[in-house]
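Me: I am new to this structure and would like to go through it step by step. Could you take my questions one at a time?

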Amino acid sequence: MSIYLHDIPLDEAQKSLRQSLEDAGLWKILAVEEIPLDENAAGRVIAEPVWARMSSPHYHASAMDGFALRAEQTAGAMPTSPVILEIGPQAQYVDTGDPLPDWANAVVPIENVESLDFHQRTVDDLRHPDLIRLRAALTPWSHVRPMGEDIVATQLVLPAGQMLRPVDLGAVAASGLTSVKVSKKPRVGVLPTGTELIEVGKPVKRGDIIEYNSIVLAAQVQSWGGDARRYPISADDFGLICMRVQQAADENDLVLLNAGSSAGSEDFSARVVQELGRLLVHGVAVRPGHPVILGLIRRSDGSGVTPIIGVPGYPVSAALTGEIFVEPLLATWQGRQPGRPVEVTAALTRKITSPAGDDDFVRMVAGRVGDRLLAAPLSRGAGVITSLVRADGICVLPRGVQGLEPGAPVRLRLYRPPYELEHTIFAIGSHDMTLDLVAQFLAERDRRLVSANVGSQGGLVALRRGEAHLAGSHLLDPETGDYNLPYLKQYLPDTPVQVVTWVGREQGLLVPRGNPKGIRGLQDLLRADVRYINRQRGAGTRVLFDYHLGKLGIDPTKIQGYSQEEYTHLAVAAAVASGRADCGMAVTASAVALDLDFIPLFQERYDLIIPCEYLHGDLLRPIFDLMGDARFRRAVAAMPGYDLSQMGRVVQSCPD
């Protein structure tokens, strides 16, 4: 039997929450307040229509520095037959914004007249002449802002439900108002729970988890127009959590109870809601974010109920729960429409699978390669917060869809402007730590690097499929001892490419600080007490490793951990640093990054493989600029184990 009350579809969960709030009189603007009209009003949502109290301008105003006059008196003025008007009875100087004299109906700009004295001689004081000479006629109301040109008294200036922008504040002020009625900011209490949690900045020991979900959730609330309050971390104590939830329910319009919503023995959230109010939903058919809780908490003073959302503890689940449930609720309480992100259609780069009964929210990166907009799925782990940081958008696979094949069109709800997708460089292939530096330096050059670490062979396959602008590769050919070129004939026989040397790299074995097991070389990997962590098949490091095993006559199946794979140098380093493995092969910089010892073994060449068709535009130009940029080269040189002497050397050119 399921430990969840109901594992219900998303739309049913949303309807249940809405109906319960409607029954409680809470599906509406919660309160209205009148605030001063100043810069602090930006971002607030108008609760009532704004009607103009006065016109703008409220008089006929000069639109230029010049002379007010009657347009009829300039009739017939031409360069060869000018008209002369006398200041006072026929013309009057006005600055921009000055009211027109009642008798005037036009303004001639000061640069279009000749300022004269009574003897028709030019004067130095252009603004205070006796006469003016015009050599062109004017039409009535030329260079005049008539009364009500912008706003007419009693007209609608802004409708209810609009979020105030800076320009809106100007329009409201121009219409004669000094204050504006807005929806009150919903108050949201965020309660993190878990004995394992520690606050940001506290010393971290094994088993501790830095609590940052409340920061993310509170920041989301603030960005959506709410007023968030973060409560202290509550240990896994049923009574304590009940007390904190009741306090938050009495002090806020919404409670977000983070963690404790799944099936663990110390996951108290559902019991707390049942104890203090009414549990509506426990378990929603979404991935990630499955164990969501929706409920109502009775206020201590009997004045009503406060909705509560039990937010899953995994960070991606927590953030997406905010987007799915919290943002639409805050929008309703403010009287605005829920946010509608820009959507684009893109082609999927690789196959994805999806649970048949869930709405699957898949994080993706996107960019244009050639004439196609591509979307590449990111890590599906609910605990990988960086997947949301990297994501360009979300693709929702509705329940009933069990997956999609490569090339399938997907709708992507964007997290960033479409413009940025057009300035994205897709780099798929072998992982190298200098690519993080490249990403930073490209950001200064109006480019964005999106990289996927699929190994050197995977990068060449991506180029063949037209799914990347370039691939990093360091594939050693065992027969020739050359790098990359022999593999181009196999993987890219019909794709002309340019091969450019990026860096020389030192590869070796990473071991814990002090090398406690005394590992000296590849022969030591045969020892029963040594656990190895490998790179994935197709990775250049794996090819290099296997090549040298073969030269030494070492049977890979005799190496403990040979089948355990990671996808990046840093992931190998993390496995060693955590004690999951005793050693692994990676570049020098990864050992330094995680404070490991390094046993140098081999030197290799790391190249960039670039299809010739992408060399003609401007997109990749900053990559080549970086190769000669002194500041960038110094930054790479500061990373141990890299040789820049051949950076930028063309190993294979595009055909003429």
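Reply: One term is needed before we start: strands are DSSP runs of E with at least two residues, numbered from the N terminus. Please keep in mind that this is a predicted model.

Me: Which strand gives the most to the lining of the largest pocket?
Reply: The largest pocket has a volume of about 1,100 Å³, and of the 35 residues that line it, the closest to its centre are Leu378, Arg390, Ser451, Ala452 and Asn453. At least two lining residues each come from strand S25 (372-377), helix H7 (385-390), helix H9 (434-443), strand S30 (448-453) and helix H10 (456-464). With 6 residues, the element that gives the most to this lining is S30.

Me: How many residues of the lining of the largest pocket are charged?
Reply: The lining of the largest pocket divides by class into 17 nonpolar residues and 9 polar ones. The remaining class in that division is the charged one, and its count is 9.

Me: Are helices H3 and H6 roughly parallel or roughly antiparallel?
Reply: The axes of helix H3 (residues 213-223) and helix H6 (residues 315-334) come within 10 Å and cross at roughly 25°. Angles under 35 degrees count as roughly parallel, and therefore H3 is, relative to H6, roughly parallel.

Me: How many nonpolar residues does the contact of H3 with H6 have?
Reply: In this right-handed crossing, H3 contributes Asn213, Val216, Leu217, Gln220 and Val221 to the contact, while H6 contributes residues including Pro315, Ala318, Glu323 and Leu330. By class, the contact has 3 polar residues and 1 charged, and its number of nonpolar residues is 8.

Conventions: Residues are numbered from 1 along each chain as its sequence is written. This is a predicted model: local features need pLDDT of at least 70, side-chain atom pairs count only at pLDDT 80 or more; totals for chains, interfaces and linings use all residues. Side-chain values use heavy atoms; hydrogens and water are left out. On a 1 Å grid over the protein atoms alone, a cavity is a set of points where a 1.4 Å probe fits but cannot get out, and a pocket is an open set with protein on both sides within 12 Å along at least five of seven lines; lining residues have an atom within 4 Å of a point. Grid points are joined across faces, edges and corners, and a volume is the space filled by probe spheres set on the points. Helices (H or I, at least four residues) and strands (E, at least two) are DSSP runs, numbered from the N terminus. Ala, Val, Leu, Ile, Met, Phe, Trp, Tyr, Cys and Pro count as nonpolar, Asp, Glu, Lys and Arg as charged, and the others, Gly among them, as polar. Axes are lines fitted to C-alpha atoms, for helices over the stretch in contact, and angles run from 0 to 180 degrees between N-to-C directions. Angles under 35 degrees count as roughly parallel, over 145 as roughly antiparallel, 65 to 115 as roughly perpendicular and the rest as oblique. A crossing is left-handed if the near helix is turned anticlockwise from the far one by less than a right angle, and right-handed if clockwise. Contact means heavy atoms within 4.5 Å.
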